[in-house]
Amino acid sequence: MLKHDYNRSFVAHVSCTTPEHEGYLDFARLAMREGQAARIAEDALVVTSIVGREPHRFWFRCLVDEARERTYYDIQSWSRRTGRDFNSRKRHLDCSNNGYASLCDVPTAEARLWKVMTLKEGSYTSTALEPQAGQSIPAQIWTRTTNQKLCAYDRQVVGNHWFAYAATSGGPVLDLCLQITDIGEELLDDH
């Protein structure tokens, strides 16, 4: 049985440091609008060169398997104003049968949670994070049961920008940096 660990849960912007895929994770593909690349809301997770007013926020809800001493994450779309972005009910990151990472409206099943692998001495390992606001953590996101790494797939150029879908195969592995903004669960603005 998995237990929620509030103190290891965190909200973060997620940047990508993979060469030729430097950018941020988002839930918005790009399309031309009035002669410029514009963000179009989508359920699919993408890495992109274009950023809105600020990078997208993700909530990494930490769940601990105390018997095995392992941590897993229910990764969710998060916004300061509503607790989710684009006013969508779909907020839980899951992996489809064809390997694409995208938002779903039901909580991610335990077997389909995510592992956050951190860089230690040149390789990525599963280590219990002790996150702190303001911290930047080099990481990769892997599936829980099959250990598949999120990769950049189907890179598309739109105007002067680009985006690629996050999938479990088909391109370079997404080396990420978790830029932690809040610990626990960010309080929603009520103004």
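1. Among the elements of the protein, the lowest mean pLDDT, 88, belongs to strand 10 (residues 123–126), and the highest, 97, to strand 13 (residues 161–167); pLDDT is the predictor's confidence in each residue, from 0 to 100, and strands are DSSP runs of E of at least two residues, numbered from the N terminus. This is a predicted model, in which local features need pLDDT of at least 70 and side-chain atom pairs count only at pLDDT 80 or more, while totals for chains, interfaces and linings use all residues. Residues are numbered from 1 along each chain as its sequence is written, and side-chain values use heavy atoms, with hydrogens and water left out.

2. The protein has a mean pLDDT of 88, with 91% of its residues at 70 or more. Over residues 82–87, however, pLDDT stays under 50, and the model has 20 contacts for this stretch beyond four places in sequence, a contact being heavy atoms within 4.5 Å. Where pLDDT is low, the predicted coordinates should not be read in detail.

3. Gln-76 lies in strand 6 (residues 70–78) and counts as buried because its relative accessibility is 4%, where buried means under 20% relative accessible area, computed with a 1.4 Å probe on protein chains only. Leaving aside neighbours within four places in sequence, Gln-76 is in contact with Arg-57, Phe-58, Trp-59, Arg-61, Arg-91 and His-92.

Technical notes: Helix = DSSP H or I, 4+ residues; strand = E, 2+ residues; numbered from the N terminus. Buried < 20%, exposed > 50% of the residue type's maximum accessible area, 1.4 Å probe, protein only.
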